[in-house]
Amino acid sequence: MLLGCHLLGDHPINCSMCQTASAEDSDHLFFICPLAVNCWHKLGIVCDLDLSLYDRILDAKSKSEWPFFMEVMVLALWNSWKMRNRLIFYGKPPSLQSWTLQFKNEVLLHSSYKETIRFSISSCLTML
Ligand SMILES: [Zn+2]
């Protein structure tokens, strides 16, 4: 499991995104942290935390209605990471609203190269 990028030795670092005393590892930051849970809920993606990461993604994909699930998942994770870094490096507080806005912009940016994909994704984004 990946730990946060703090370089303070072997001691676990608490999550930057929430006020819990949870260690900031990849599982917490991307799937367990309350803000991460809200992001997945916003996307309608169900992440079964009892499964391994690989099986969790396959399970979520099988239950998702997103036409481009892996792109959506990767961009969701990427934007969670960027939101965490904006908090640490710029002091910008995280929020579901800012995450959603950044996620939509990122999806549109990545889908802009192909007209048919852009239309399909744009219609999905209106649900958020
Ligand atoms: Zn947290």
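This is a predicted model: local features need pLDDT of at least 70, side-chain atom pairs count only at pLDDT 80 or more; totals for chains, interfaces and linings use all residues.
Biologist: How does one judge whether the length of α4 agrees with its residue count?

Modeller: One compares an expected span with the distance between the end C-alpha atoms. At 1.5 Å a residue, the 22 residues of α4 should span 32 Å, and its end C-alpha atoms lie 31 Å apart, which agrees.

Biologist: Which residues of α4 are buried, and what covers them?

Modeller: An α-helix has 3.6 residues a turn, so residues three or four places apart point the same way. In α4 the buried residues are Val72, Met73, Leu75, Ala76, Asn79, Ser80, Met83 and Arg84. Their cover includes α1, α2, α3 and α5.

Biologist: What is the relative orientation of α2 and α4?

Modeller: The crossing angle decides this, with values over 145 degrees counting as roughly antiparallel. The axes of α2 (residues 34–43) and α4 (residues 69–90) come within 11 Å and cross at roughly 150°; the two helices are therefore roughly antiparallel. Ala36, Cys39 and Leu43 of α2 meet Val72, Ala76 and Ser80 of α4. This contact comprises five nonpolar residues, one polar and no charged.

Biologist: How do α2 and α5 pack, and at what angle?

Modeller: Their axes are 10 Å apart, at an angle of about 50°, and the pair is therefore oblique. The crossing is right-handed. On the α2 side, Leu35, Asn38, Cys39 and Lys42 meet Leu96, Trp99 and Thr100 of α5. By class, four residues of this contact are nonpolar, two polar and one charged.

Conventions: Residues are numbered from 1 along each chain as its sequence is written. Axes are lines fitted to C-alpha atoms, for helices over the stretch in contact, and angles run from 0 to 180 degrees between N-to-C directions. Helices (H or I, at least four residues) and strands (E, at least two) are DSSP runs, numbered from the N terminus. Angles under 35 degrees count as roughly parallel, over 145 as roughly antiparallel, 65 to 115 as roughly perpendicular and the rest as oblique. Two residues are in contact if their C-beta atoms, placed from the backbone, lie within 7 Å. Ala, Val, Leu, Ile, Met, Phe, Trp, Tyr, Cys and Pro count as nonpolar, Asp, Glu, Lys and Arg as charged, and the others, Gly among them, as polar. The expected span of a helix is 1.5 Å times one less than its number of residues. A residue is buried if 20 or more other C-beta atoms lie within 10 Å of its own, exposed if 12 or fewer, and partly exposed in between; C-beta atoms are placed from the backbone. A crossing is left-handed if the near helix is turned anticlockwise from the far one by less than a right angle, and right-handed if clockwise.
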